[in-house]
Amino acid sequence: MLGKAWTHRGRPAEGYLTKQGAQLLLDELLVEARKAGPQTARHAHDATFADAAAVCARARWLRYVEFDRRRRPTTLRDYRRMVEDVLVPLLGHLPLRAITSELMDSYRTHLVDEGRMAPRTINKYMLVLHAIFKRAQRHFGLTVNPVAGLDRQPMPRSG
């Protein structure tokens with residue numbers, strides 16, 4: 001949001017913008033952004049999974065999930081716990097380029113073989129990982145999302 005919309009006749013009051021004034025301001029902001037270049041200081045070759053998870057949090061993915069996707073607060077709490085308590089301690093030190101589809105598939109297989117998680121929970125882990133890598137593609141130039149092609153765990157249908 002650039003400012004409040006001025007819908008009356010005459011010169012806009014302080015802090016208000018006409019449609020034309022808003023377009024001019026937006027054009028100036030875009031020119032400055034293009035001059036500055038990309039805002040990421042790191043690229044996929046030296047960024048870690050912890051960096052990607054931090055970008056995911058800064059990029060307001062959880063806010064998007066909460067308000068746009070209308071997920072429940074308990075779901076958001078689960079997502080945060082997964083990232084902060086499980087995924088970052090497990091994968092945080094790894095460079096993004098070192099995380100492959102095979103590694104992610106073996107992690108999924110490990111969760112299945114461990115037998116402590118329901119298929120739905122395993123699918124939630126894969127969803128969160130997919131979102132983190134999708135943001136990493138945008139912010140760090142990661143070429144492939146290693147979770148994109150993985151199979152979901154089959155879940156029994158509820159009656």
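Which residues of α4 are buried? The points below start there and then cover the rest of the chain.

1. Helix α4. The model is predicted, and in it the buried residues of α4 are T75, L76, Y79, M82, V83, L87 and L91. An α-helix has 3.6 residues a turn, so residues three or four places apart point the same way. That spacing can be kept in mind when reading the list of buried positions.

2. Length and bend of α4. The helix runs over residues 73-91, 19 residues in total. From first to last C-alpha α4 reaches 25 Å, close to the 27 Å expected at 1.5 Å a residue. There is a bend of about 35° at V83, a residue that is also on the buried list.

3. L87. This residue belongs to helix α4. Its relative accessible area is 0%, so L87 counts as buried under the 20% cut-off. The C-alpha atom of L87 lies 8.8 Å from that of F49, although 38 residues separate the two along the chain.

4. Overall layout. The chain has six helices and two strands, in the order β-β-α-α-α-α-α-α along the sequence. Of its 159 residues, 28% are buried.

5. Aromatic pairs. The count of aromatic pairs comes to two. In one of them, W6 and Y16 have ring centres 5.5 Å apart and planes at 75°; the angle is over 60°, so the pair is edge-to-face. W6 sits in the loop between β1 (4-5) and β2 (16-17), whereas Y16 is in strand β2, so the pair ties together parts ten residues apart in sequence. Y16 is partly exposed, with a relative accessible area of 32%.

6. The F49 and F133 pair. These two rings form a tilted aromatic pair, with 5.7 Å from centre to centre and 55° between the planes. The pair links distant parts of the chain: F49 is in helix α2 (residues 49-58) and F133 is in helix α6, 84 residues apart. Both F49 and F133 are buried.

7. Helix α6. After α6 comes G141, with a positive phi near 75°.

8. H130. This residue lies in helix α6 and is partly exposed, with a relative accessible area of 29%. The C-alpha atoms of H130 and V147 are separated by 5.4 Å, and the two residues are 17 apart along the chain.

9. The largest pocket. Where does the largest share of its lining come from? The answer is α6, with nine residues. The volume of the largest pocket is about 490 Å³. There are 17 lining residues, and W61, V65, R71, Y79 and L127 lie nearest the centre. Helices α3 (61-67) and α6 (119-140) each supply at least two residues of the lining. By class, the lining has seven nonpolar, two polar and eight charged residues. Y79, one of the residues nearest the pocket centre, is also among the buried residues of α4.

Terms used. Residues numbered from 1 in each chain as written. Predicted model: local features only at pLDDT ≥ 70, side-chain atom pairs only at ≥ 80, totals over all residues. Heavy atoms only, no water. Helix = DSSP H or I, 4+ residues; strand = E, 2+ residues; numbered from the N terminus. Expected span 1.5 Å × (residues − 1). Bend = angle between axes of the 7 residues up to and from the residue. Buried < 20%, exposed > 50% of the residue type's maximum accessible area, 1.4 Å probe, protein only. 1 Å grid on protein atoms, 1.4 Å probe; cavity = no way out; pocket = protein on both sides within 12 Å on 5 of 7 lines; lining within 4 Å. Points joined across faces, edges and corners; volume = space filled by probe spheres on them. Nonpolar A, V, L, I, M, F, W, Y, C, P; charged D, E, K, R; others polar. Phe/Tyr/Trp six-rings, centres within 6.5 Å; stacked < 30°, edge-to-face > 60°.
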